[in-house]
Protein chains: 2
Amino acid sequence: MNFLALRRQTLTRNLKAAGADAALVTASVNVTYLTGFTGDSSYLVLTPKAAVLVTDPRYEAQVLEECPDVGRDGAVDLHVRPHNRTTPEAAAEVLTKAGARAVAVEASRLTVAELEGLRGLAPKAEWVPVKGLVEALRAVKDPSEVEHIRAAVKVAERGFRMFAATLREADTEKDMADALDGWLRRAGSRGSPFPPIVAVGDRGARPHAVPSPDRPLGEGSKLLVDWGAETAGGYKADITRTLKSPFLPTPSRRNKFERAGYELEEVYAVVLAAQDAALATIRAGVPAREVDAAARQVIDGSKFAGCFTHGLGHGIGLEVHEAPRVRENSDDVLEAGMVITVEPGIYIPGEDGGPGWGGVRIEDDVLVTRDGHTRLTTLSRDLSVAGGGS
Amino acid sequence: MNFLALRRQTLTRNLKAAGADAALVTASVNVTYLTGFTGDSSYLVLTPKAAVLVTDPRYEAQVLEECPDVGRDGAVDLHVRPHNRTTPEAAAEVLTKAGARAVAVEASRLTVAELEGLRGLAPKAEWVPVKGLVEALRAVKDPSEVEHIRAAVKVAERGFRMFAATLREADTEKDMADALDGWLRRAGSRGSPFPPIVAVGDRGARPHAVPSPDRPLGEGSKLLVDWGAETAGGYKADITRTLKSPFLPTPSRRNKFERAGYELEEVYAVVLAAQDAALATIRAGVPAREVDAAARQVIDGSKFAGCFTHGLGHGIGLEVHEAPRVRENSDDVLEAGMVITVEPGIYIPGEDGGPGWGGVRIEDDVLVTRDGHTRLTTLSRDLSVAGGGS
């Protein structure tokens, strides 16, 4: 099965409904989805008769390596622009030559200035901005994509196990984030698709904490880690675990909020129950907001009401955040083949911006099926998964 | 000197010329430039009377840490939106309350769909797309920015020295790219602002080569490395060095193109001469295209005519690529305070996409001054800078 060709066919078929006879795909990630090419600065032109990848001399060899359909009869033609012409200029020429009249463009990707530029380059064409032109297709994964994501999850888990096995009490958040990135690469990742979040103790109360060079692991009783991995094809994993530190601080080194606060086990149990409640609702046909509601109900029905301050999850694939949206105000409905994160959390910050108790988040990557779900993450959800050489 | 306040003042002063009485800055990097906040999903609203940073609860603590002007009288007000409202909704409210009528927006950043959304949220406002609203200011660095870039260069160089000192013959391009990233972090970088290019032997002919897990250092006679670093404030360095491999391959392991081709020293000398020619032209008032021409003339006047297949350089700062453009078709003119890369190269690919001789590129970061330039890079341009434990 040539999934790349299938994707282009579906897109071409959708053009009529958008009132267009051609499409210009400019977002790199969407060009990747439709051709396999993982570089940038290249556009895909689609007309009912032809698909043309417009790239430049820097990328020619990489295109030939990565794109199985380039060069085949009837599949994707390659147009290598000279380095003194711009990609929009070259793409406009290809569209004009193909006689395109109404060209769908990506409303959520193309900037106001880029659209203005295209209007100047092909004044006779009608440009039709369409939201989610390619993203709508990408929300539902085909089997090859699910396998890529599964591979990314495996790499992310392997890297995390190396990380957890090699922790030292004196490692700062920054040390740990750097080390995690290295282990992920060693496990086969291209690097981190987003900077890992590594938060010690009360700093876990910030859902988007930047790793600090001043906070060592030994100064908190818990560790929140949110990290990803990326396979060669560009697919991502996104996982969070909250661990009981293998190096419990002596009472004198605990900050007063941790000492005075809740037991980690108590908070963790509520987040785990919230995740289980959400997972139990997942299946094709369910509105995404109901999955969020299931988790939120558990947390808001506990003594931690109001402490779950973000949405439950998001689609994942070629991007770390993509369709569908899994949150309170989402209008998306789950379909079989969607891959989403399920990541409830409880955050207990301090008052007036001071240090608080901290936070707990558990995040897994999950495939929606007709009758339920398949968890792609296989890491234990045990609080002490770290082990860690104490 | 409060440079952040100065930048906001300059922008506010420029609004009139654009026919606007307010501005909505949506690009994260431009919000960073104007406030110091390095997170995302936050907008800056500027009116003649007030500056308001619109963010969400995840980022409140980080904003208070990073932005010296937030909370001060008369500087930047903080608006933390509730998590069930979007940033555009919150920003539109702030603008409407401030009585803004004509709002400048970033034409090269805002997508077509985002502009459409804003129109719906504040139908009475006039939205004025302006190209380079903030980027035009960013092209000329103030003294604090030059110091940040200098610090990033220092980190990039320190990381590279560690890398070069620890090379092994068996390391593949992927191993080396991963190791370089780790050393850069150890040297103080936040990570790599772009994936390092590490190309062995003939693979250097691809200006944007993706590091291969199958090509060890010992199988080429030269190594091209293009890497960056990023300091805490978000400023970047971007350097390239081409090295003679400390592990020269035995003749039987050299590929035939390397064996049959030019001497590395010969190609290198032409690129070095091209860089020197370009550097000699740099000073305030010179059209950027003349700097490109000076380097290109040296290469095109040699036996390697036509082998310099990209522009000479680009501005660098909060982004790896920013204004000015230093290339053949640039209309930019150098000003004192601009920081640019100067990176001539010679690329000799194989025929029909096969392996070729390879490539040489030398890239330094340079501050434009009234009378000439200051090279911020201090690494030797010696071919054998690697050393490397042979």
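In which strand of chain B does B:Pro324 lie? In this predicted model, for which local features need pLDDT of at least 70, side-chain atom pairs count only at pLDDT 80 or more, and totals for chains, interfaces and linings use all residues, B:Pro324 lies in strand E11 (residues 322-326) of chain B. Residues are numbered from 1 along each chain as its sequence is written, and chains are lettered from A and ligands numbered from 1 in the order in which they are written. Helices (H or I, at least four residues) and strands (E, at least two) are DSSP runs, numbered from the N terminus.

The backbone around this proline was examined next. B:Pro324 is joined to B:Ala323 by a cis peptide bond, with omega about 5°. A cis peptide bond, again with omega of about 5°, also joins A:Ala323 and A:Pro324, and A:Pro324 is found in strand E11 (residues 322-326) of chain A. Most residues other than glycine have a negative phi, and most peptide bonds are trans. A:Ser41, although not a glycine, has a positive phi of about 60°, and this residue lies in the loop between H2 and strand E2 (43-46) of chain A.

The relation between the two chains was then considered. Two copies of a chain are related by a rotation about an axis and a shift along it. Chain B is superposed on chain A by a rotation of 180° with 0.0 Å of shift along its axis, at an RMSD of 0.0 Å, the superposition being by least squares on the C-alpha atoms of residues with pLDDT of at least 70 in both copies. That is the relation of a two-fold axis. Within chain B, the C-alpha nearest the axis belongs to B:Thr111, at 2.0 Å from it.

Contact between the chains involves 34 residues of chain B and 34 residues of chain A, where two residues are in contact if their C-beta atoms, placed from the backbone, lie within 7 Å. On the side of chain B that touches chain A, the elements giving two or more residues are helix H3 (60-66), helix H5 (112-121) and helix H8 (173-186) of chain B, and H8(B) gives the most, with four residues. By class, this side of chain B divides into 13 nonpolar, 13 polar and eight charged residues; here Ala, Val, Leu, Ile, Met, Phe, Trp, Tyr, Cys and Pro count as nonpolar, Asp, Glu, Lys and Arg as charged, and the others, Gly among them, as polar. The copies meet through the same surface, because 100% of the interface residues of chain B are also interface residues in chain A.

Chain A itself is divided into domain 1 (3-138) and domain 2 (143-375), with bounds that come from an automatic or database domain assignment. The centres of domain 1 and domain 2 of chain A, taken over C-alpha atoms, are separated by 36 Å, and eight residues of domain 1 are in contact with seven residues of domain 2. Helix H2 (28-35) and helix H6 (135-138) of chain A are the elements that give two or more residues to the side of domain 1 that touches domain 2, and the residues of that side comprise four nonpolar, two polar and two charged.

Helix packing was described in both chains. Two packed helices are described by the angle between their axes and the distance between the axes. Axes are lines fitted to C-alpha atoms, for helices over the stretch in contact, and angles run from 0 to 180 degrees between N-to-C directions. Helix H1 (residues 3-15) of chain A packs with H2(A) at an angle of about 115°, the axes being 7 Å apart. In this contact, A:Leu4, A:Arg7, A:Arg8 and A:Leu11 of H1(A) meet A:Tyr33, A:Leu34 and A:Thr35 of H2(A), and the residues divide into four nonpolar, one polar and two charged.

Helix H4 (residues 87-97) and helix H5 (residues 112-121) of chain A pack at an angle of about 45°, with axes 10 Å apart. That makes H4(A) oblique to H5(A), since angles under 35 degrees count as roughly parallel, over 145 as roughly antiparallel, 65 to 115 as roughly perpendicular and the rest as oblique. The crossing of H4(A) and H5(A) is right-handed, a crossing being left-handed if the near helix is turned anticlockwise from the far one by less than a right angle, and right-handed if clockwise. The contact is made by A:Pro88, A:Glu89 and A:Ala92 of H4(A) together with A:Glu114, A:Gly117, A:Leu118 and A:Leu121 of H5(A).
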